[in-house]
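Let's take a friendly walk through a protein model together. Have the sequence and the 3D view ready, and follow along as each part comes up.

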Amino acid sequence: MVMSNRWLRRSLLLAALALPGLGPLAASAAPLEIRDDRGTVHRLATPPQRIVTLLPSLTESVWALGGGARLVGVDRYSNWPEAIARLPRLGGLDDVQIEAIAALRPDVVLASTSARSLDRLEALGFTVVRLKSETQADVRRSLGLLARLLGTPAEGERVWATIDARIVAAAQRVPAAQRGQRVYFEIGGGPWAAGTSSFMGELLARLGLGNIVPPAMGPFPKLNPEYVLRERPDIVMGPRREADDMASRPGWASLAALQQRQRCAFETPQYELLIRPGPRMGEAAEVLADCLQALPPRRGGARP
């Protein structure tokens, strides 16, 4: 009977650890020490139970890692998943609502390294963890750090493995005729571009595509429209509104990519998916593969 009770207790414990959404139960009781992407070392006695996120990708990451129930406030742009709609909105990158955040008494605030006006929040004694998300390596590292912060360290690699598998599967769907084609991906409000060294550029590369913006120009450079004309991309991509307007720009009607309808125009939900460096990057790869499969054959060479 003694052995049976031990087996029962052990089985119940393992079952609890395996259930999603039970992060706090699985959390380690040991003190946490993490170093964020500004080099600041944060020490917490226990995993945070009240979390504020000030970037959509960080909101989505906390949720994907099983910490959604600990979110008490988010930035105004966070809109996934629908379950966060009830949470207080706390401004954006440049107009963070310090008083509203302080009133929520968060154990930790998650923000971008480029977030401004958070020094006052730190001066008030709040823990502000700042994370960089320019590359896929940044995303993987951030997932690992957040998983440790939540007290469920194995979740970081589990989420990353899911992202990676979906990207690999999406790459296998890209038509052979599109591989190696050079892309211009315009960021909304451009002409900003997703360069080769950005997480979006890396995603395009993993799908077998080239990029007209070399690494030396940085991850998200602002381009002169003349640069795009000179580089003559094979495929252009961007949000629907900007993509629909491209042919009316001076000289752009001469681009073969527009003449031959080699264009991916993304509606807002798909576009947001593509520009957020977080746990939905695998879905973003699938959106890109869907568009590439739907492009018409180029004149002078039909796709196999």
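## A parallel sheet

In this predicted model, I51 stands opposite V108 in strand 5. Three bridges join strand 3 (residues 51–53) to strand 5 (residues 108–112), and the two run parallel. Strands here are DSSP runs of E with at least two residues, helices are runs of H or I with at least four residues, and both are numbered from the N terminus. Two strands pair if DSSP finds at least two bridges between them. As background, strands of a sheet pair through backbone hydrogen bonds, either parallel or antiparallel.

Now look at the whole sheet: an open one of four strands, in the order 4-3-5-6, with parallel pairing. Strand 4 (71–74) and strand 6 (128–131) are the edge strands, each pairing on one side only. From one strand to the next, the twist averages 20°. Helix 6 (residues 136–150) packs on the sheet and touches strand 3, strand 5 and strand 6; contact means heavy atoms within 4.5 Å. The direction of helix 6 makes about 160° with that of strand 6. Such angles run from 0 to 180 degrees between N-to-C directions, with axes fitted to C-alpha atoms, for helices over the stretch in contact.

## One disulfide

How many disulfides are there? The count comes to one, where a disulfide is a pair of cysteine sulfur atoms within 2.5 Å. This disulfide joins C264 to C291, with 1.8 Å from S to S. The link of C264 and C291 is left-handed, with -100° about the S-S bond. It connects distant parts of the chain: C264 is in strand 11 (residues 263–266) and C291 in helix 13 (residues 281–294), 27 residues apart.

Are C264 and C291 buried or exposed? Both are buried, meaning under 20% relative accessible area, while exposed is over 50% and partly exposed is in between (1.4 Å probe, protein chains only).

## Rings and a charge

There are three aromatic pairs: rings of Phe, Tyr and Trp (its six-membered ring) pair if their centres lie within 6.5 Å, and planes under 30 degrees apart count as stacked, over 60 as edge-to-face and the rest as tilted. One of these pairs is Y184 and W252, edge-to-face at 6.0 Å centre to centre with 70° between the planes. Y184 lies in strand 7 (residues 182–187) and W252 in the loop between helix 10 (240–245) and helix 11 (256–259), so the pair ties together parts 68 residues apart in sequence.

Y184 counts as buried because its relative accessibility is 0%. W252 is buried too, with a relative accessible area of 1%. The charged end of R249 sits over the ring of W252, 4.6 Å from its centre; this needs NZ of Lys or CZ of Arg within 6 Å of the ring centre and within 35 degrees of the ring normal.

## About the numbers

Residues are numbered from 1 along each chain as its sequence is written, and side-chain values use heavy atoms, leaving out hydrogens and water. Because the model is predicted, local features need pLDDT of at least 70 and side-chain atom pairs count only at pLDDT 80 or more, while totals for chains, interfaces and linings use all residues.
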